[in-house]
Amino acid sequence: MGNWSTVAFTLTAFPFLLELGILFFVILLLTYILTATGNIIIISLLCYNHLQTPMYLFLSNLSFLDILYTTVITAKLLACLLGEKYITFAGCITQIYFYFFLGAVELILLAVISFDHYVAICNPLCYTIIMNNRVCLLLILCCWMGAFLSVLVPTIVVTRLPYCSNKLIIFCDIAPLLQVACWIDTRLTEKIDFLLFALVILSSLAFTTGSYTCIISTLRISSAQVHQKAFSTYDSHITVVSIAYKSNISVYVRPNQNYSLDFDKVASFLITVVTLLLNAFINSLRNEKMKELLRGAMIKIMSLIQRKT
């Protein structure tokens with residue numbers, strides 16, 4: 001069993017950016033605030049307008065997930081920039097677990113959303129029967145449970161490794177954590193992690209790709225008006241999917257997890273902060289229904305302000 005009580009790590013975050021000091025802290029804080037605010041607005045608009053269709057039920061779940069996902073890493077990075085650079089082994093393992101758990105939920109949920117789009121385009125007459133409320137809630141539950149189980153095994157494996165105290169760890173991620181393991185060959189652990197990450201990422205990617213392949217095949221025999229409507233509705237999801245899978249595959253679907261910690265830490269940061277910020281704006285500004293809801297909300301707010309003045 002890993003020596004939980006005696007190990008503590010020093011987080012150095014991003015040495016090549018720490019020179020920016022307060023400027024980097026402000027940029028990171030603003031990015032986090034924008035991400036959280038954007039997703040809260042999406043959830044509020046969907047709840048206020050009582051949009052209970054599967055597409056928007058999944059979107060609100062995705063927005064809630066993005067808030068949690070970016071908080072897991074950004075909160076500690078902000079604390080690190082303020083001088084709180086130490087983290088216990090238990091704290092590091094907890095951060096790693098929730099980082100990968102929420103990331104896996106997001107990838108599986110993106111695959112489920114693509115299935116929803118497939119049913120809406122390819123089986124429109126049976127859509128309400130297939131994607132009823134019970135099925136949607138069951139799919140969401142499966143996303144969370146599937147991610148919970150898939151991340152549990154690599155986390156347990158990592159906790160059973162012996163670690164050295166007072167070693168530098170750049171980021172609470174699998175690769176840098178394996179680098180500070182003592183007196184043990186971690187190649188088997190790396191292979192186990194690689195296989196599990198590849199299974200989650202590539203299987204969800206294959207499911208998503210298959211769904212959109214069927215959608216494209218169906219749209220080829222449809223009218224131009226149907227093409228335009230489908231594209232305006234689903235292009236935001238396609239953009240989010242492209243960013244999410246490209247970034248995750250570049251970091252985690254490769255056999256050797258240790259060859260570039262500088263690459264890992266930058267990529268992990270981009271996945272958790274910049275990508276999630278983009279997701280919030282893509283889901284709100286590239287979705288026609290969301291833009292309509294935003295315009296309606298702005299009109300109501302302006303009318304209330306005018307009444308009070």
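Leu-138 counts as partly exposed because its relative accessibility is 46%, where partly exposed covers the range between buried (under 20% relative accessible area) and exposed (over 50%), with a 1.4 Å probe and protein chains only. You'll find Leu-138 in helix α6, residues 133-159; helices here are DSSP runs of H or I with at least four residues, numbered from the N terminus. This is a predicted model, so local features need pLDDT of at least 70 and side-chain atom pairs count only at pLDDT 80 or more, while totals for chains, interfaces and linings use all residues. Residues are numbered from 1 along each chain as its sequence is written, and side-chain values use heavy atoms, with hydrogens and water left out.

Now for the inside. There are five cavities of 30 Å³ or more, a cavity being a set of points on a 1 Å grid where a 1.4 Å probe fits but cannot get out, with lining residues having an atom within 4 Å of a point. The largest cavity has a volume of about 160 Å³, volume meaning the space filled by probe spheres set on the points. Of its 15 lining residues, Phe-100, Gly-103, Ala-104, Phe-197 and Ile-201 lie nearest the centre. Helices α4 (89-122), α6, α8 (187-219) and α9 (224-252) each give two or more residues to this lining, and α4 has the largest share with five. By class, the lining has 12 nonpolar, three polar and no charged residues; Gly goes with the polar ones, and charged means Asp, Glu, Lys and Arg.

Helix α8 also holds Glu-190, which counts as buried because its relative accessibility is 9%. Glu-190 sits 16 residues from Ile-174 in sequence and 8.7 Å away in space, C-alpha to C-alpha.

A pocket is an open set with protein on both sides within 12 Å along at least five of seven lines. Its lining draws two or more residues from each of α2 (22-48) and α11 (288-308), with α11 giving the most, nine.
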